Amino acid sequence: MAPPRDLINNDINRTREPIVSPYSNAYDPLSNVSNFYIIDSTLREGEQFANAFFTTEKKIEIALALDAVGVDYIELTSPAASEQSFNDCKAIASLGLKAKILTHIRCHMSDARLAVQTGVDGINVVIGTSSYLREFSHGKSMEYITKTAIEVITFIKSKGLEVRFSTEDSFRSDLVDLLAIYQTVDRIGVNRVGIADTVGCANPRQVYDLVKTLRSVVKCDIECHFHDDTGCAIANAHTALEAGATHIDTCILGIGERNGIPSLGGFLARMYVADREHVLNKYNVKALRDAENLVAEAVDITVPFNNYITGYCAFTHKAGIHAKAILNNPSTYEILRPEDFGMSRYVSIGHRLTGWNAIKNRMEQLKLNSLNDEDAKRITQKIKQLADIKALNLEQVDVLLRKYHTAKLTDNSHHIVLDKILNHDHLVTGVPVGATA
């Protein structure tokens, strides 16, 4: 149920728009936006990020952080990649985490034999099916791919492990080839089939069409892996769930090969909007910031300013009309509630776009109770005048407010105070008005 909104100007007769967008989708029996699983691949796809090098100790830290968020699966680099990768699979599989541990292998019996020795809960099998990969990568025919897939899947199932079979470069593969191999592996009891937009070429409409078609021909779950080369990865993930997919691959901060895949935080933000209660009840979203900081440090990057949820601008409001509405009701300009994620909103006020309502709010926060609306408007004009030269930081705004407040209380000289504040040097704590810092 939508929260009540504050009345503006006590106009109880004005038209009340619905909080929920009238363009929201109607109920769709195919949709899994309220019933999905996250396979986080930071320790597999993320290892393919340009800066990534994770020691065993760091991998364990990241696995623990992912488990704290509550992801359903943690995917690890193939044990066939190196001896250390094999040992890392064994180490993480033995941690006893709530998340299921998967490893990702080529569709080779030799890889499968190694993988079952590591103690993981499941194995993700992949092979390229597009004409590009069949000609220029492994050079195998669809007949060979199908035969090998059956052999590998049957072996993994015989060991009692969960198994997913995915094509690679699915959106540039022949649809008839895709559906044929998916139906084949579905019949032999694979847990999931996977669709991979390996080069990031797909758009949401293409994703919906392919997933919906696949949903109509297989009974097993459907996993989706979307690269972000063209900016559609999170939108594609959401659309895939609408079309009947069940599992989505993510990475912390979206790291991975080239531009990576959906970020864990970004995907959770998108799904929070679709079903807030489901996300908050299933995942510990307040643990996202620690997980992101851990990975950012490990790969020597900073968390981007516009990062979903945890970027320093994510809940920062600047424009005057935005600030006024946010102060009346945060839902006017926020679709995410920062407190749900352990974050705080910040209204930026020391700039030329500021509005007097934001300044008034800051006066109230500082308990400058003798100041009224007219005072707020005068101070706002002075801030705008100074900010046309250079923006003020919060400390400078507070100095201005306190000088004005003190002058009004002591000798009613507050108007003169504003006239004497000519530049930013006059807004230093302890410097008298009219003096130079």
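**Close-up views of a predicted chain**

Figure 1. Pro 338 is buried, at a relative accessible area of 1% (buried means under 20% relative accessible area, exposed over 50%, and partly exposed in between, with a 1.4 Å probe and protein chains only). The model is predicted, with local features requiring pLDDT of at least 70 and side-chain atom pairs pLDDT 80 or more, while totals for chains, interfaces and linings use all residues. Residue numbers start from 1 along each chain as its sequence is written, and side-chain values use heavy atoms, without hydrogens and water. Pro 338 sits in the loop between helix H12 (320–328) and strand E10 (346–347); helices (H or I, at least four residues) and strands (E, at least two) are DSSP runs numbered from the N terminus. Leaving aside residues up to four places away in sequence, Pro 338 touches Phe 315, Met 343, Ser 344 and Arg 345 (contact means heavy atoms within 4.5 Å). Between the C-alpha atoms of Pro 338 and Val 285, which are 53 residues apart along the chain, the separation is 11 Å.

**Figure 2. Helix H12 and its cover.** The buried residues in H12 include Gly 320, Ala 323, Ala 325 and Ile 326. Strand E9 (316–317), E10 and helix H13 (356–365) are among the elements that cover the buried residues of H12.

**Figure 3. Nonpolar cores.** The largest nonpolar core holds 91 residues, and Ile 74, Ile 156 and Phe 165 have the most contacts inside it. Such a core is a set of buried Ala, Val, Leu, Ile, Met, Phe, Trp, Tyr and Cys residues joined through side-chain atoms within 4.5 Å. A second, separate core has 26 residues, including Met 363, Leu 386, Ala 387 and Val 399. Among the residues that Phe 165 touches, not counting those up to four places away in sequence, are Cys 107, Val 125, Ile 127, Ala 149 and Ile 153.

**Figure 4. Packing of helices H6 and H7.** Helix H6 (residues 175–187) packs against helix H7 (residues 204–215) at an angle of about 35°, and their axes are 11 Å apart. Axes are lines fitted to C-alpha atoms, for helices over the stretch in contact, and angles run from 0 to 180 degrees between N-to-C directions. Leu 175, Leu 178, Leu 179 and Tyr 182 of H6 meet Leu 210, Thr 213 and Leu 214 of H7. By class, this contact has 6 nonpolar, 1 polar and no charged residues; Ala, Val, Leu, Ile, Met, Phe, Trp, Tyr, Cys and Pro count as nonpolar, Asp, Glu, Lys and Arg as charged, and the others, Gly among them, as polar.

Figure 5. A search of the whole structure finds 0 disulfides (pairs of cysteine sulfur atoms within 2.5 Å). Cys 220 is in no disulfide, and the nearest cysteine sulfur, in Cys 224, lies 11 Å away. Cys 220 is buried, with a relative accessible area of 7%. The sulfur of Cys 232 is 10 Å from the closest cysteine sulfur, that of Cys 201, which is too far for a bond.

Figure 6. Most residues other than glycine have a negative phi. Lys 367 has a positive phi of about 60° although it is not a glycine. Lys 367 lies in the loop between H13 and helix H14 (373–387) and is exposed, at 62% relative accessibility. Asn 412, also not a glycine, has a positive phi near 60°. Asn 412 is in the loop between helix H15 (394–410) and helix H16 (414–420), and is exposed with a relative accessible area of 51%.
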